[in-house]
Amino acid sequence: MIAAAGLTRNIAVVAIGRNEGARLERCLTSVEEGAAVLVYVDSGSTDGSAAIAQSLGAQVVNLDMAQPFTAARARNAGYLSALQAAPAVEFIQFVDGDCEVAAGWVTKASTFLRMQPLAAAVCGRRRERFPDKTIYNRLCDMEWDTPVGQALACGGDVLVRVASLLQVGGYREDLIAGEEPELCVRLRAKGWQVWRLDEEMTLHDAAMTRFSQWWKRSMRAGYAFAEGAHLHGAPPERHWVRESRSAWVWGLGLPLALLLLGLVWPVVFWGLLVYPLQVARLAIKGSGSFKLRLARAFFLVLGKFAEAAGQLKFLRQRLHGGPARLIEYK
């Protein structure tokens with residue numbers, strides 16, 4: 001239970017999840033600084049997650065699963081419920097149910113937002129709980145290490161100013177991925193800023209132990225790139241246009257062209273060496289051990305094929321219509 005001594009009237013915590021079990025318990029008990037209200041939004045869990053949250057003092061919102069589930073929809077339901085319970089709330093700390101909030105983060109982040117009136121959202125360093133368990137967890141941990149300072153986007157764990165969230169109408173609920181960067185595009189269009197601090201924010205448990213999980217997660221990224229470019233790809237934003245183009249070229253266009261031309265001129269097959277050469281080029285860059293840089297480079301190049309599959313999935317979705325289905329990796 002959150003200690004009463006830590007309660008504050010202007011911060012709410014919204015956690016979302018489905019079948020997170022022990023991870024959810026760690027998540028909710030980690031908010032030791034307290035909040036005016038703690039909301040947990042459950043999306044059809046069958047492991048007793050809602051009961052766990054309720055026992056820890058959280059207000060539980062159960063999403064109607066007759067409608068397509070998205071994380072964006074869950075976050076909107078959570079912050080609106082929080083505002084109903086505590087109308088004076090100024091900031092919302094969003095956190096995914098598989099994450100644990102670092103001690104002191106909420107205080108540091110809220111202090112920053114009070115000092116920066118144009119800042120709509122602030123995030124910090126998200127780390128993997130078990131980065132050495134699998135290469136896939138390690139890749140996630142490296143992915144979270146984004147530049148410090150004013151940023152283009154944030155992730156799912158973020159402290160957001162309520163006024164800015166209400167101004168843009170919250171998250172876009174029909175997005176199955178990439179809803180946080182899309183929100184940031186709209187916030188920045190209204191003159192707001194997004195920041196990343198050099199502070200520990202959350203511990204994340206990706207729990208990725210299989211190649212298929214990594215592939216689905218990369219495919220989801222490709223889908224998000226495609227949808228983001230579709231929504232905000234026009235100048236000046238050009239949101240995820242470069243990422244989408246890269247997926248098309250490296251994951252589909254180039255290999256298909258080389259294979260087709262190779263059937264006529266076999267010497268063209270040698271062009272496929274561009275992929276190992278690209279791995280080598282990327283491995284030279286960056287810091288850390290060469291082994292780790294090589295692994296990261298290999299999966300970055302291989303991930304283009306998964307991203308291209310995600311792009312194709314979005315294209316099919318656009319052609320056939322209907323609600324998009326989640327691409328879940330765990």
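Buried here means under 20% relative accessible area, exposed over 50% and partly exposed in between, with a 1.4 Å probe and protein chains only. Keep that scale in mind for this tour of a predicted model, in which local features need pLDDT of at least 70, side-chain atom pairs count only at pLDDT 80 or more, and totals for chains, interfaces and linings use all residues. Residues are numbered from 1 along each chain as its sequence is written, and side-chain values use heavy atoms, with hydrogens and water left out.

**Stop one: the cysteines**

Select Cys 99. At 1% relative accessibility, Cys 99 is buried. Now look for disulfides, meaning pairs of cysteine sulfur atoms within 2.5 Å: a search of the whole structure finds zero. Cys 99 is accordingly in no disulfide, and the nearest cysteine sulfur, at 7.0 Å, belongs to Cys 27. Move on to Cys 184, also in no disulfide, where the nearest cysteine sulfur is that of Cys 154, 3.6 Å away. Cys 184 has 0% relative accessibility and counts as buried.

Helices (H or I, at least four residues) and strands (E, at least two) are DSSP runs numbered from the N terminus. For the rings of Phe, Tyr and Trp (its six-membered ring), a pair has centres within 6.5 Å; planes under 30 degrees apart are stacked, over 60 edge-to-face, and the rest tilted. The structure holds 13 such aromatic pairs.

Show Tyr 79 and Phe 94: the ring centres are 6.5 Å apart and the planes stand at 85 degrees, so this pair is edge-to-face. Because Tyr 79 sits in helix 3 (residues 71–85) and Phe 94 in strand 4 (residues 91–96), the pair ties together parts 15 residues apart in sequence. Both Tyr 79 and Phe 94 are buried.

Tyr 171 belongs to the loop between helix 6 (162–168) and helix 7 (179–189), so its pairing with Phe 94 of strand 4 ties together parts 77 residues apart in sequence. Tyr 171 is buried, as is Phe 94.

Stay in strand 4 for Gln 93, which is buried at a relative accessible area of 1%. Which residue's side chain joins that of Gln 93 in a polar contact of 3.0 Å? Select Trp 105 to see the partner. A polar contact is a pair of N or O atoms within 3.5 Å; within protein, one must be able to donate a hydrogen and the other to accept it, and residues adjacent in sequence count only if both atoms are side-chain atoms. Beyond its neighbours within four places in sequence, Gln 93 is in contact (heavy atoms within 4.5 Å) with residues including Ala 12, Val 14, Asp 157 and Val 158.

**Stop three: strand 8**

Select residues 158–161, which form strand 8. Val 158 and Val 160 point one way, Leu 159 and Arg 161 the other, and all are buried. Two strands pair if DSSP finds at least two bridges between them. Strand 8 pairs with strand 4 in the antiparallel sense over four bridges, and Phe 91 has Arg 161 of strand 8 as its bridge partner. Strand 6 (residues 119–128) also runs antiparallel to strand 8, joined by two bridges; there, Val 122 has Leu 159 as its bridge partner.

**Last stop: an aromatic cluster**

Finally, select Tyr 136, Phe 211, Trp 214, Trp 215, Phe 298 and Phe 299, which ring pairs link into a cluster.
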